[in-house]
Structure formats: structure tokens, C-alpha cells
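Let's take a friendly walk through a protein model together. Have the sequence and the 3D view ready, and follow along as we go.

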Amino acid sequence: MIGGTKKCIGLIFGGHSNEHEVSISSAKTVFQAFNSEINKQCFTVKAFYINKLGDWLDNDLSEKILSGEIENNATKKLEIFSQEKINFLDGIEFQNIDVWFPLLHGFNGEDGSIHGLLRFTNKPLVGCGIIGSALGMDKIMMRTIFSSLKLPQVNYLVFQNKDLNDKKVKNKLISEILKKLNFPIFVKPSNSGSSLGISKVKNESEILQALEKAREIDPRILVEEGLEVREIECGIIGNSKLLTSEIGEVKYKSDWYDYDSKYFSDNEITIPAELDSKITKQIKDIAIQSCRALNIYSFARVDFFLEKSSNKILLNEINTIPGFTKKSMFPMLWEASGLNIEQLVAKLVEISLNS
Ligand SMILES: Nc1ncnc2c1ncn2[C@@H]1O[C@H](COP(=O)(O)OP(=O)(O)O)[C@@H](O)[C@H]1O
Ligand SMILES: [Mg+2]
């Protein structure tokens, strides 16, 4: 037991985000892990579900979402805390929470907003701070900082708030892409996740549609050169000292790792990935360096590409609230590294209490 008394974990999930459903699945796994025989002696959990409109539910109703007793889309009338109220934390009983565990993937959560809000409660949380969360969520900022440190990445272009209805702007933008990048290209909203809003573009005629799709999520757009890659992921946990997990590789049947292949198909996961020891070490070193660069700690999953033709390591992105579902890479990486899910959640609480 940490510090001699049972710790009360405030598990926050759902959220006003396009990754709402994934968050519910993640929370189910973490809730079960804290309620396992071994962890029950050390922890109690209070659940806080945020519905798709951003309204918070109390513990009883939130637990019913986790058990499946209430459908998550039928919660509007049950709200206890509405966005219209001015006093944000009014009505949320958090006094007995010892440690927050926000599992809000994507916007209005992982991007640092929940970290900012929770700071006002004066309680520790599992996860990094506001800056690391915001930078980890924003692909443009992330790439810019990685570039300044010369960390290896794909070639990319940034387009911020361009008026795609203006013919001149549109043509200029397309010609810049054609001049500087080779097809295929990936067009991405700067802020999103789970591959939502991303398109793989194979020729000029598909560019505009892809830009429009990305712009629906975020007017700040990243366009990258698409390479033939292996997808490699590494977990980190820790604080002043960051530990890396074994490295995993995910192989899918689809052309790229899109939303459906992430959540609705059986992918082949290999842990440890078949890599020579030199590359393994380099990946782990870059994982730590990149987290330090963005002030990311507590826990995260660092994703890499390994170019098939050259075996070149390219840093893709850092997820500061990685998926915690039963099929998610992050818990699997730690299981393979000697921490099962029950030990992992307990360890994350310990790290946050020692921050
Ligand atoms: N430059 C690229 N080259 C090859 N594949 C890419 C590239 N960018 C993205 N992809 C594919 O798209 C997926 C999702 O892209 P990513 O930037 O990781 O977005 P998300 O944050 O939504 O996971 C990647 O896992 C990969 O399969
Ligand atoms: Mg990704």
C-alpha cells in the first residue's frame, strides 16, 4: 500500500472528443485493474464520466456507464454538471480523491485542458503537465520542436488557417506540396487522434478533398511525405528518470493504420519487435529524448516509423494518454516488460505521488 492508507483514484473518462468511445473502453480496463483482488486492498475508485456534450456525471451514474447499465448516448438528462454553469468544479465531489487518473483521449482532455482544470483541485494526477500534454497533442508544434533538435522525421509542410475557398491560395498551396513532397502524402489535422481526419493521398486530384477533411477537425494542417514503413511503438513511464518498455511492432492488413484498423480488426502485434539491438537502443534513446523535449513524463507511448527500404528510424508522434483498452499496445508493452496491467496502474499512481 502506498503511504499506508488506501488511495482514492478519480478516474475521468468519456469526454467531449472524437475519441469518446475509445476512452470508455480504456476506462473499463483501468477500472477493472484497480478493482482487481490485488489492487482492491490499496485503492478505491471514483468514476467521473463526461458525456459527449462535456457534462460531468456523478460516480453512481459513471459506474453504470462502465458496467454497461446505461448507454453513453442517453445521459444528457442525467447530467449533474452542465457547461452552462460558471463554477466549473461546483457539484463535483472530489474532496476525497487522492490522485486523478484522466483517461480522456484527444481534445478537451489529452491536449492539456483536463490537466489545467485539475490543477485547481490541488491533487496529483497520473499524466504529464499542461505543456507536455498540449505539445504532444499538436502535431505541428511537436514536429517543429523535434526539427529544432534535429530528431529524425519524415519531410513535412505546415499550412495554418489557409482559406481553401480562395482559388489563388488553394493553387499556391497545391503547387508547394507538388514541388516539395513526393506522393503518396498524408494530410493530417494538427490536433486529432486515432487517425481521424487523416487521408493518404496518392495523386494531385485528391489533395483538395483531403485538405477539406482535415480542416473540418482543425484549420491547422500538416502534410507529410508518406513512406513505406514498419510501425514501431515504445512505452515510457517515470518522472525524473524515464523508463522505456520493450519495443512493439504492429502489422495490419489495411494500407495504413486508419481508424478501422486500429479498433475493428485483428492486428498482429509483436513484442519485442524483431529489430537488431543497435536500432532498439536508438529507438529507446530517441523515445526518452523526445519526451524530454516536450516535457512529457508520467506515462506516454512514443510511435516511430522504420522505413522499410533504408531501415531508417523516424519519430512519428507521442501520445500522452495512450489507449488502455484490452487490445491497446501500451499495456501490452508493459506486460512484456514485466508489469501486468494491475501492477502498471499501481505504478503510475506511485509515480504521480512522487512527482
Ligand atoms: N508520413 C507517413 N508515412 C507513412 N505512413 C503514415 C505517415 N503518416 C501517417 N501514416 C499512417 O497514418 C497513421 C496515423 O498517423 P498519425 O500521425 O500517427 O496520427 P494519429 O495521431 O491519429 O495516430 C500512422 O500510424 C501510419 O499508418
Ligand atoms: Mg498515431
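This is a predicted model: local features need pLDDT of at least 70, side-chain atom pairs count only at pLDDT 80 or more; totals for chains, interfaces and linings use all residues.

## Around the ligand

Ligand 1 has 19 residues around it, and those that come nearest are F186, E224, G226, W256 and Y257.

What kinds of residues make up the shell around ligand 1? Eight are nonpolar, six are polar and five are charged. The shell also draws on two domains, with at least three residues coming from each of domain 2 (136-151 + 228-320) and domain 3 (156-225).

## Three domains

Now step back to see how the chain is divided. Domain 1 covers residues 2-126, domain 2 is made of 136-151 together with 228-320, and domain 3 runs over 156-225. The centres of domain 2 and domain 3, taken over C-alpha atoms, are 23 Å apart.

Where domain 2 and domain 3 touch, eleven residues of domain 2 are in contact with eleven residues of domain 3. On the domain 2 side, helices α6 (139-148) and α9 (259-263) each supply at least two residues, and α6 gives the largest share, with three residues. That side of domain 2 holds five nonpolar and six charged residues, but no polar ones.

## A closer look at T280

Is T280 buried, exposed or partly exposed? T280 has 18 C-beta neighbours inside 10 Å. A residue needs 20 or more to count as buried and 12 or fewer to count as exposed, so T280 counts as partly exposed.

If you leave aside the neighbours within four places in sequence, T280 is in contact with I247 and L275. For another landmark, look for G127: it is 153 residues from T280 along the chain, and the C-alpha atoms of the two are separated by 25 Å.

## The whole chain

How many helices and strands does the protein chain have? There are twelve helices and twelve strands. The radius of gyration is 21 Å, close to the 20 Å that the globule rule gives for 355 residues, so the chain is as compact as a globular protein of that length. Along its principal axes, the C-alpha trace spans about 60 × 50 × 35 Å.

Of the 355 residues, 42% count as buried. Among contacts with a separation of 6 or more, 68% are between residues 24 or more positions apart.

Terms used
Residues are numbered from 1 along each chain as its sequence is written. Chains are lettered from A and ligands numbered from 1 in the order in which they are written. Domain bounds come from an automatic or database domain assignment. Two residues are in contact if their C-beta atoms, placed from the backbone, lie within 7 Å. Helices (H or I, at least four residues) and strands (E, at least two) are DSSP runs, numbered from the N terminus. Ala, Val, Leu, Ile, Met, Phe, Trp, Tyr, Cys and Pro count as nonpolar, Asp, Glu, Lys and Arg as charged, and the others, Gly among them, as polar. A residue is near a molecule or strand if its C-beta atom, placed from the backbone, lies within 6 Å of it. The radius of gyration is taken over C-alpha atoms; the globule rule is 2.2 Å times the number of residues to the power 0.38.
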